Amino acid sequence: MNTEFLIQGVATVADPVTLLIMLLATFLGMIVGALPGLGTVTALAMMLPFTFVLTAPQAIGMLLAIYCSSIYGGSIPAVLINVPGTPQSAATVFDGYPMAKKGLAAEALGWVTMASFIGGVFSLLVLMVAAPQLAAVAVKFGAVETFALLVFSLTTIAWVSAGNPMKGLLAGLIGVLLSMIGQDEMSGVNRFTFDIFSLSSGLHIVPLLVGLFALSEVFAIAGDVVTAKPQVIVSTGFKIAPLKEWALRWVTVVRSSVIGTFLGILPGVGATAASLISYAQARASSPRKDRFGHGEPEGIIASEASNNAVTGGALVPTLALGIPGDAATAVMLGALIIHGVSPGVQLFTKTPDLVGFIFIALLVANIMMLIGGALFAPLFGRVLRLPNAVVMAIVVALSLAGAYVIRSSLFDVATTVIVGILGWFLRQAKVPVAPIVIGFILGTPLEVTLRQSLILHGMDPLAFFASPIASVIFGITAMVVLYPLFKGLLSNAKK
């Protein structure tokens, strides 16, 4: 990355309006992340419609700030009430709450905040190095190679997004089918509209995102019977541990940041898996393993450094290839497309100044998260006492208002509600909803590259295997799809 574009990124971020938007987004992300049951994707989906009134840099800066701060915010209730605000902070509960019960809530919040900041900055450095190199390789991709890559990414993301791979694949295919609704880009023919005029322009991504993530989450929470609220430990302070304490645990900091960044780059794995894997690795290798589960700071570091390192890692395939690394980056991918930005090699060749802005904005988002955590984390015990009914009402109001303002269409509001109900039923059936969004986003380029490839090669399907790059990608895709099947057959044969 040319330093000139980084300097331009600094100038863009330094705009007072952009900084104010990112500051407010950081605070909002922390609040939403700290409220159990909502989470990062809900926060992003809920605020996505409001990016329409912003410039592309302002919108991207806002979403990056929400992305980082909401993951961090999930650790606050994990420490104070023994309930992770987001799934990404599940492992933080193991040592964060026991430390708080000892009267060390301020120290626990300090460990959480610093570990989150270090993990986020580490992954940013990897993003700055890896994304341009990956995009440079993508220059060699034509229509056939791009189609092969899209098939691989769709299959892989759907596969690893849930315990049942078939349900994951089914969800991804549902997303692809939904992307086909409306007027065909190449022929102009209406498809799957059922003579409903409002469907001729296709489904808009925002009602789909808001319905699947925000509304379905509200419906799921409303269906849960909560018998008693956990005790809230009110922290009145914030303390960062001395440098010598960090020096004793530097190996865990580095290892957890590497694990989080690497797993973030792998599409669909996500911060929850990174957090749990890092915690398990730290516990297995630590000389203080007997203290884990009883308030050991190393357990907090392992969880928080890794789950925040996923942010930069997940953006590597998102920016370089246009393949979302997780559900949150799928929402941000949608935001980029909405604002006319094409992720992939074109992003680095045509708008390198925007790439520089994204790098600097991610750094600023992490700095704001650090400062915001130090100032406001101790006060979140009060926010956590809000009744669920109040919080859910606010989420529903913002979601429906956001769906309406996109095109001033009541049809979009109705779509949001219907998709929300559908998302709730899918959750009950243990079908993951994230692959639906990813399939929806990738569906159109998947179809376009398929048809372009066939037209360019005289409708010869064997042309897909004439390219060495495409053949390798298809082979890897086949192994990913068939591996669980062969694994099941081998296990049955042993019995």
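In this predicted model, the axes of helix H9 (residues 205–223) and helix H14 (residues 327–338) come within 11 Å of each other and cross at roughly 160 degrees. Helices here are DSSP runs of H or I with at least four residues, strands are runs of E with at least two, and both are numbered from the N terminus. Axes are lines fitted to C-alpha atoms, for helices over the stretch in contact, and angles run from 0 to 180 degrees between N-to-C directions. The angle therefore makes H9 roughly antiparallel to H14, a term for angles over 145 degrees, where those under 35 count as roughly parallel, 65 to 115 as roughly perpendicular and the rest as oblique.

On the H9 side, Ile205, Val206, Leu209 and Phe213 meet Ala327, Val331, Gly334 and Ile338 of H14, where contact means heavy atoms within 4.5 Å. By class, seven residues of this contact are nonpolar, one is polar and none is charged. In this scheme Ala, Val, Leu, Ile, Met, Phe, Trp, Tyr, Cys and Pro are nonpolar, Asp, Glu, Lys and Arg are charged, and the others, Gly among them, are polar.

Residues are numbered from 1 along each chain as its sequence is written, and side-chain values use heavy atoms, with hydrogens and water left out. Local features need pLDDT of at least 70 and side-chain atom pairs count only at pLDDT 80 or more, while totals for chains, interfaces and linings use all residues.

Helix H3 (residues 40–47) and helix H4 (residues 56–73) pack at an angle of about 155 degrees, with their axes 9 Å apart. H3 and H4 are therefore roughly antiparallel to each other. Thr40, Ala43, Leu44 and Met47 of H3 form the contact with Met62, Leu63, Ile66, Tyr67, Ser70 and Ile71 of H4. These residues divide into eight nonpolar, two polar and no charged.

Ile71 of helix H4 has a relative accessible area of 1% and is buried; buried means under 20% relative accessible area, exposed over 50% and partly exposed in between, with a 1.4 Å probe and protein chains only. Not counting residues up to four places away in sequence, Ile71 touches Thr40, Thr86, Gln88, Ser89, Asn307, Asn308 and Thr311. Ile71 and Val32 are 39 residues apart in sequence, with a C-alpha to C-alpha distance of 9.4 Å.

Ser75 lies in helix H5 (residues 75–80) and counts as buried at 0% relative accessibility. A polar atom of its side chain lies 2.5 Å from the backbone oxygen of Tyr72. Beyond its neighbours within four places in sequence, Ser75 is in contact with Ser89, Thr92, Val112 and Glu304.

Thr18, placed in helix H2 (residues 16–34), is buried at 3% relative accessibility. Its contacts, leaving aside neighbours within four places in sequence, are Thr12, Val13, Gln58 and Phe357.

The protein as a whole has 21 helices and two strands. Of its 495 residues, 56% count as buried. Among contacts with a separation of 6 or more, 78% join residues 24 or more positions apart.

Key: Polar contact = N/O pair within 3.5 Å; in protein donor to acceptor, adjacent residues only side chain to side chain.
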